Amino acid sequence: MTTPQRSLKGKTLFITGASRGIGLSIAKRAAADGANIVVVAKTTDPNPKLPGTIHSAAEEIRAAGGQALPLAVDIRDDEAVAAAVAEAVKTFGGIDILVNNASAISLTDTEQTPMKRFDLMHGINARGTFACTQACLPELKKSAAAGRNPHVLTMSPPLSMKTHWFAPHTAYSMAKYGMSMCTLGHAGEFRRYGIGVNSLWPRTAIATAALQMIPGVDLKLCRTPEILSDAAYLILTGPSSETGNFHIDDTLLAQHGITDLDKYAVTPGNRNFIPDFFVD
């Protein structure tokens, strides 16, 4: 998948929630090309329940072949986001790609959703995506003017206004679809600048430490984060004129001739995967 025409060498990626899981997998895939990764996340100290810090992520990124700038940032804090963008520009000279990966989840119904949890999900998911996009936009414009093929990629689902995707967890669905609304709006708004804006979402549940904390989820029936990092790589190395798309990981891979997905199964040979939310 790495060719002279399809490479992230020398590009700078600003990735939220990059200390573990899907964000880290995308970072390491880009690092293999020699990309610069701004690791934006809150975790600075090890947590036995949720492994991975900005510092351990930076070590893995460097080991994969990239440069890393670990920054402790709560993306609900506008000043902290602005400072992170400034530090990224100071260190790497600009930003070519923003990956809005950070997200909070609570699969609770209305009565079981404290407003503090509602605010957390909306603050990180919808507002955080908007805030990071807004903060990175001036640098993405510069990247476009320099012909560096800038992208915004948000890890969010296709928009689907169906009751069954809302009723069990209205607050989470609202917050997650808020991220997708950013893709819809920003793709149209930024097209004139030459910035590609797309979303990516998995067809199946993905085995991450965060998912493991949700009761009743069997990680053996999931796929690994690498299916998303490989799909993200195809989007981020494609032309920024391809914009406004809501990609599903396996469909996108198939469009590029990749149909043998067994290497992404946590359990080799498994075909009975847990389906992800929001995929009709």
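Which residue in E3 is the bridge partner of alanine 41? The bridge partner is alanine 72, and the sections below place this pair in its surroundings.

## How the model is read

This is a predicted model, in which local features need pLDDT of at least 70 and side-chain atom pairs count only at pLDDT 80 or more, while totals for chains, interfaces and linings use all residues. Residues are numbered from 1 along each chain as its sequence is written, and side-chain values use heavy atoms, with hydrogens and water left out.

Helices (H or I, at least four residues) and strands (E, at least two) are DSSP runs that are numbered from the N terminus.

## The sheet

Strands of a sheet pair through backbone hydrogen bonds, either parallel or antiparallel. Here seven strands form an open sheet in the order E3-E2-E1-E4-E5-E6-E7, with parallel pairing, where two strands pair if DSSP finds at least two bridges between them. Strand E3 and strand E7 (246–248) stand at the edges and have a single partner strand each, so one side of each is left without a neighbour in the sheet. Neighbouring strands of this sheet are turned by 20° against each other on average, direction ignored; axes are lines fitted to C-alpha atoms, for helices over the stretch in contact, and angles run from 0 to 180 degrees between N-to-C directions.

Strand E2 (residues 36–41) pairs with strand E3 (residues 67–72) in the parallel sense over six bridges. Between E2 and E3 the chain passes through helix H2 (residues 54–64), and this β-α-β crossover is right-handed, a term used if, with the strands pointing away from the viewer, the path from the first strand over the helix to the second runs clockwise. Elsewhere in the sheet, strand E5 (residues 151–154) and strand E6 (residues 196–201) pair in the parallel sense over four bridges, and threonine 154 stands opposite serine 199 in E6.

Helix H8 lies across E1, E4, E5, E6 and E7, and it runs at about 165° to E6.

Two packed helices are described by the angle between their axes and the distance between the axes. Helix H1 (residues 21–31) and helix H8 (residues 226–236) pack at an angle of about 50°, with their axes 8 Å apart. H1 and H8 are therefore oblique to each other, given that angles under 35 degrees count as roughly parallel, over 145 as roughly antiparallel, 65 to 115 as roughly perpendicular and the rest as oblique. In their contact (heavy atoms within 4.5 Å), Ile22, Ser25, Ile26 and Arg29 in H1 meet residues of H8 that include Leu228, Asp230 and Tyr233.

## Helix H4 and its partners

The axes of helix H4 (residues 115–145) and helix H6 (residues 170–190) come within 7 Å and cross at roughly 15°. H4 and H6 are therefore roughly parallel to each other. H4 passes H6 in a right-handed crossing; a crossing is left-handed if the near helix is turned anticlockwise from the far one by less than a right angle, and right-handed if clockwise.

Helix H3 (residues 78–92) also packs with H4, their axes coming within 10 Å and crossing at roughly 35°, and the crossing of H3 and H4 is right-handed. In this contact Asp78, Val81, Val85 and Val89 in H3 meet Arg127, Ala131, Cys132, Ala135, Cys136 and Glu139 in H4.

## Two residues with positive phi

Asparagine 149, in the loop between H4 and E5, has a positive phi of about 60° although it is not a glycine. Phenylalanine 278, in the segment after helix H9 (249–255), likewise has a positive phi, near 70°, in a residue other than glycine.
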